[in-house]
Amino acid sequence: MPTLCRPVDEGGAGFDYRLAMAIPDLWVSYLKKRSDEDWDMAKIVHSLTNRRWGEANIAYAECHDQALVGDKTISFWLMDKEMYTHMSTLSDPSLIIDRGIALHKMIRFITHALGGEGYLNFMGNEFGHPEWLDFPREGNNSSYHYARRQWHLVDDPLLKYKYLNNWDRAMQHLEEKYHWLSAPQAYVSRKHEDDKVIVFERAGVLFVFNFHPHKSFTDYRIGVDTPGSYKIILNSDRAEFGGFNRIDESLPMPTKNEPWDNRRCSMYVYIPSRVCMALACH
């Protein structure tokens, strides 16, 4: 669009954000080429934070091109054909669907919280839209079959797409309350390769991610700079998000005056496998 990035006083729209294109490239590369055990926590953090100081970036987990015919969205890379048979809440449990829903939430949340000063989503991907988008052309006999977004999927209470949509809504509402997108870049205190754990603070919120495919951690020690009693304000393991309700959010988590990971205080948390959470001091 001509003049989009020119200042308003020059007749432009004043859009001065850079698109963080390396982020979706990272995620699709990992989903295509790496097993979960080989995900590199340091590289994930580097890709999400590698931007010039003071230059605002738009973070996004997947490019709109992935929704077009010939490629796959994150949800399709994660769950593929299982989406046709096991996205019903009445169907038999599926490890592929459980993994896909868990990682879909984590990928989007860490991208949102760590990746930039704005967040972009292609329509339908917020609830893990299946299949692809294709417009009428000679190669598909001018078919309109895939020229659509299937909004009815997220409205069906018997389908698991509602879990991903609930998560996206909660994630956006939490950002509206704490405003981390307009806050300075996060301080990453932990990126542990063996544990597959990433911990960082931004806008007064403590974010914890456990990407390990099978290890859960009880009394896991993490560092935090602000002392006080913390409570979980969002966690991906809630049943409303397709999780398993393994975390008791009513329990306060007090800090100790014991430095850890270059932070002034530390605390202990329970963080199940493939779960992320956000905590705030109350």
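# Reading pockets and strands in a predicted model

UniProt, in an unreviewed entry, lists residues 187-280 as "domain: Alpha-amylase/branching enzyme C-terminal all beta"; such annotations may be inferred rather than shown by experiment.

Q: What kind of model is this, and how are its residues numbered?
A: It is a predicted model, where local features need pLDDT of at least 70, side-chain atom pairs count only at pLDDT 80 or more, and totals for chains, interfaces and linings use all residues. Residues are numbered from 1 along each chain as its sequence is written, and side-chain values use heavy atoms, with hydrogens and water left out.

Q: How much helix and strand do residues 187-280 hold?
A: Helices (H or I, at least four residues) and strands (E, at least two) are DSSP runs, numbered from the N terminus. Here residues 187-280 are 0% helix and 51% strand.

Q: How do I read a pocket, and what volume does the largest pocket have?
A: Rolling a probe the size of a water molecule over the atoms shows where empty space is left. On a 1 Å grid over the protein atoms alone, a pocket is an open set of points where a 1.4 Å probe fits, with protein on both sides within 12 Å along at least five of seven lines; lining residues have an atom within 4 Å of a point. The volume, meaning the space filled by probe spheres set on the points, is about 220 Å³ for the largest pocket. Of its 16 lining residues, A102, F244, R246, S273 and R274 are the closest to the centre.

Q: Which parts of the chain line the largest pocket?
A: Helix α4 (residues 95-114) gives the largest share, 5 residues. At least three residues come from each of domain 1 (8-178) and domain 2 (187-281), with bounds from an automatic or database domain assignment.

Q: What about the second largest pocket?
A: Its volume is about 170 Å³, and its lining includes T218, D219 and Y270. Strand β10 gives the most to this lining, with 3 residues.

Q: Is strand β8 mostly covered or mostly open?
A: Count its buried residues (under 20% relative accessible area, with a 1.4 Å probe and protein chains only). In β8 (residues 229-235), 5 of the 7 residues are buried, so to speak mostly covered.

Q: Which strands pair with β8?
A: Two strands pair if DSSP finds at least two bridges between them. β8 runs antiparallel to β9 (residues 253-254) over 2 bridges, where Y230 has M253 as its partner. Another 5 bridges join β8 to β11 (residues 275-281), also antiparallel, and I232 stands opposite L279 there.

Notes: Buried means under 20% relative accessible area, exposed over 50%, partly exposed in between (1.4 Å probe, protein chains only).
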